[in-house]
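Visitor: I am new to this one. Please pick one part and take me through it closely.

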Amino acid sequence: MGNCSSVPPDYEVIVKTGDVKGAGTDANVYCALVDEEGNRTKDFHLDCRWKDDFEKGNIDKFKLSNGSALGPLKKIEIWRDETGLGDDWYVEWIKVKQLLNSNGSDELDVFPCNRWVKADRKLILTKYDCMLPQFDDHPEQRKLELEEKQKLYVLKRKAPGCPKQIESCPRDESFSNDYKWNIQQTKLKLLIKCKLTKLTSDPWEKLEDFSNVYKGSMGKPYGIYNWKEDAAFARQRLQGCNPIFIRLCKEIPENFMVTSEMVEPFLEELTLDQAIQAKRVYICNMKILSDIVCKSNRILCKPMALFFVNDSKEMMPIAIQLFQEPHDDNPVFLPSDPPYTWMLAKMYYNNADAAYHQSCTHLGFTHLVAETVCVGTHRQLSPSHPVFRLLAPHFLYLLAINSLALAKLVSPEGWIDVCMTTGAQALLQLCGSCWQSWHMNVEGWLPAELEERGVDDTQALPNYPYRDDALLIHQAIWDYVREVLQGHYDTPDKLINDYEIQNWGHMLADKNDGLGMLGVFGDGKFTELEDLIKTVTSIIFINSVGHAAANFAQYDEYAFPPNYPAFLRGKPPTSKEELTEQDIIDHLPLKDMTLDIMLVTKILSDRGTNALADFEVQYQYDPIGVKAVENFRRRLAEIDQLLEERNKKRPFPYPYLTPKEVPNAISI
């Protein structure tokens with residue numbers, strides 16, 4: 001830093017250029033300061049001749065001389081010309097320190113920007129840049145800004161029935177670290193780092209051979225341990241990467257040919273009806289898979305499975321039927337069947353579960369829901385809006401990841417096409433089917449979602465780590481959002497007269513030109529503040545906790561294929577004929593596909609961004625937001641300690657939802 005003027009300075013202006021691609025500029029940059037009384041300084045040229053100012057990601061400091069200091073600052077005007085080859089300029093924030101009469105105070109006035117500064121157009125930023133539209137002194141600037149963003153953030157339905165996505169990724173969403181989402185390049189680096197040789201396309205000779213594959217940072221996945229045990233299979237429903245599917249069984253479906261006599265040996269002297277009445281029977285019914293046609297006519301089961309909570313409060317599987325239609329070659333498999341026959345039935349159930357997990361729980365209900373809301377938010381809310389500033393940290397990297405990494409994974413002949421039974425087209429078909437019945441106020445609202453599945457009763461189902469850990473963070477997010485929004489909407493008329501938030505709500509629910517999201521709180525008509533609070537809470541939860549639960553267990557689950565097979569060869573069992581270990585091996589992916597599954601799930605399971613509330617980019621600088629963030633961080637730290645202790649006492653820890661392991665946004 002240096003003094004760029006010979007006259008004693010009255011202000012120091014500090015500028016942070018953003019870290020998006022092309023953010024830096026060689027243009028001439030100017031500013032002026034305005035105080036609360038409307039007094040304005042002269043125009044300042046922000047330039048230190050001895051350094052290259054405004055490079056991407058840099059912080060530049062300028063001491064400025066006005067001749068006299070103004071009163072308390074309210075606004076800053078910033079503009080630039082078109083000089084230089086790189087004149088585009090993305091500013092993250094500007095801070096101003098008064099030097100004269102400052103009494104040595106280090107207090108800074110903050111003017112968040114998070115925008116491109118365009119040539120020969122003055123951008124006026126108000127202190128904290130956080131206000132409802134009806135109170136903005138510069139409504140025309142705000143309106144023009146939104147009109148321009150609507151041209152950049154265009155919604156397009158890229159797959160039938162799925163949520164709308166971004167038509168093409170705007171430059172605002174292109175970050176300097178997008179190399180992280182180059183799946184092929186990262187796979188190659190991981191191969192070299194872990195000294196893994198390219199495996200051949202041969203089958204495995206015996207199950208023990210898998211143990212020799214995991215090297216270096218590719219340590220043994222959790223799923224390699226205890227995978228043969230029925231208790232481990234049941235735990236996958238409660239703390240695996242698809243923990244949102246199991247539900248209380250209130251009656252046996254007519255097409256599920258299980259009888260009380262079949263399962264009574266596993267019900268601890270209860271009949272099946274008695275066990276159901278006692279809320280001790282749970283079911284997974286994958287009839288949603290019925291119409292799915294997989295790539296190359298691969299066979300995907302459409303299974304049903306029953307589970308029983310025993311006297312030890314441990315859930316155990318008691319029956320699996322692999323297809324929906326009753327038939328002689330579609331038996332009900334039981335734990336008392338020959339061991340490898342029962343094992344193969346569990347593997348084919350998990351193969352179907354993996355299809356649902358990747359298409360709906362992971363892709364549909366986190367990546368695509370988040371993307372559609374992100375694009376809609378950019379279209380309807382000014383960057384100066386308190387709700388935009390509340391949501392923005394939870395959209396960071398999202399569009400870049402979906403546009404780069406996701407496109408590679410779900411493309412023809414991409415990873416999904418090759419390594420998952422469904423293939424890419426069927427995966428998107430399933431995602432579209434599930435989206436048609438997804439409701440924000442049920443599937444997108446954790447307390448309602450747990451209640452709807454009948455799994456909210458902690459006495460009936462005491463060991464459900466996903467539920468118990470997610471509820472704690474959900475409440476913390478809810479309290480955080482409430483504190484922020486109650487601070488800005490302290491009277492009902494402020495909400496009703498906020499035309500941006502009303503347009504946003506309409507857009508969320510509108511089936512034609514909007515997102516067509518079902519179950520938006522208040523139907524998107526935000527006359528009650530609680531409806532807005534719940535909507536914002538739901539979005540933040542999906543982008544953070546929802547994705548963490550679906551994503552970060554992937555290596556532990558998928559990387560040992562017998563535990564949770566993304567792909568199986570051959571055909572599902574059609575009888576209870578006794579099978580052998582060789583029969584199991586004959587169904588497993590070949591060696592080269594196994595390696596590909598290991599590598600990609602390892603990449604997907606790595607955390608690439610900061611933990612929840614430790615924001616990479618700060619958006620909240622106003623007193624209401626700053627205080628709420630402090631309280632949020634304090635509560636998350638308490639939850640972190642609580643869950644660390646909880647996991648020490650659990651026989652099988654669930655590490656994926658401790659707050660320090662949950663990123664702010666969908667970071668991979």
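Guide: What follows is a close look at one meeting place and some of the residues around it.

First, the ground rules. This is a predicted model, so local features need pLDDT of at least 70, side-chain atom pairs count only at pLDDT 80 or more, and totals for chains, interfaces and linings use all residues. Residues are numbered from 1 along each chain as its sequence is written, and side-chain values use heavy atoms, with hydrogens and water left out.

Start with the two partners. Domain 1 covers 11-129, and domain 2 is made of 366-549 + 605-661; these bounds come from an automatic or database domain assignment. Their C-alpha centres are 34 Å apart. Ten residues of domain 1 and ten residues of domain 2 take part in the contact (heavy atoms within 4.5 Å).

Now the area. Domain 1 and domain 2 bury about 820 Å² between them (the accessible area, with a 1.4 Å probe, that two parts lose on being put together, summed over both). Carbon and sulfur atoms give 52% of that area. On the domain 1 side, three residues stand out: Asn114, Tyr128 and Asp129 supply 54% of what domain 1 buries here, more than any other three residues.

Next, the charges. Side chains of opposite charge can pair when their charged atoms come close. Between domain 1 and domain 2 the count is one salt bridge (a side-chain nitrogen of Lys or Arg within 4 Å of a carboxyl oxygen of Asp or Glu). Asp129 pairs with Arg389, and their closest N and O atoms are 2.8 Å apart. Asp129 is also one of the three leading area suppliers.

Polar contacts come next. Four residue pairs across this interface are in polar contact, both residues being at pLDDT 80 or more (N or O atoms within 3.5 Å, one able to donate a hydrogen and the other to accept it; residues adjacent in sequence count only if both atoms are side-chain atoms).

Which elements line the domain 1 side? Strand S6 (89-98) and strand S7 (109-117) each bring at least two residues (strands are DSSP E runs of at least two residues, helices H or I runs of at least four, numbered from the N terminus). S7 gives the most, with five residues. By class, this side holds five nonpolar, one polar and four charged residues (Ala, Val, Leu, Ile, Met, Phe, Trp, Tyr, Cys and Pro are nonpolar; Asp, Glu, Lys and Arg charged; the others, Gly among them, polar).

Stay with S7. Its residue Asp109 is tied to Lys127, which sits in the loop between strand S8 (123-126) and helix H1 (139-152), 18 residues apart. The tie is a salt bridge, 2.9 Å from N to O. Asp109 counts as buried because its relative accessibility is 15%, whereas Lys127, at 23%, counts as partly exposed (buried is under 20%, exposed over 50%, partly exposed in between; 1.4 Å probe, protein chains only).

One more stop. Asn66 lies in the loop between strand S4 (59-64) and strand S5 (73-80). At 18% relative accessibility, Asn66 is buried. A polar atom of the Asn66 side chain lies 2.8 Å from the backbone oxygen of Ser68. Leaving out residues up to four places away in sequence, Asn66 touches Asp10, Thr41, Lys42 and Phe44.
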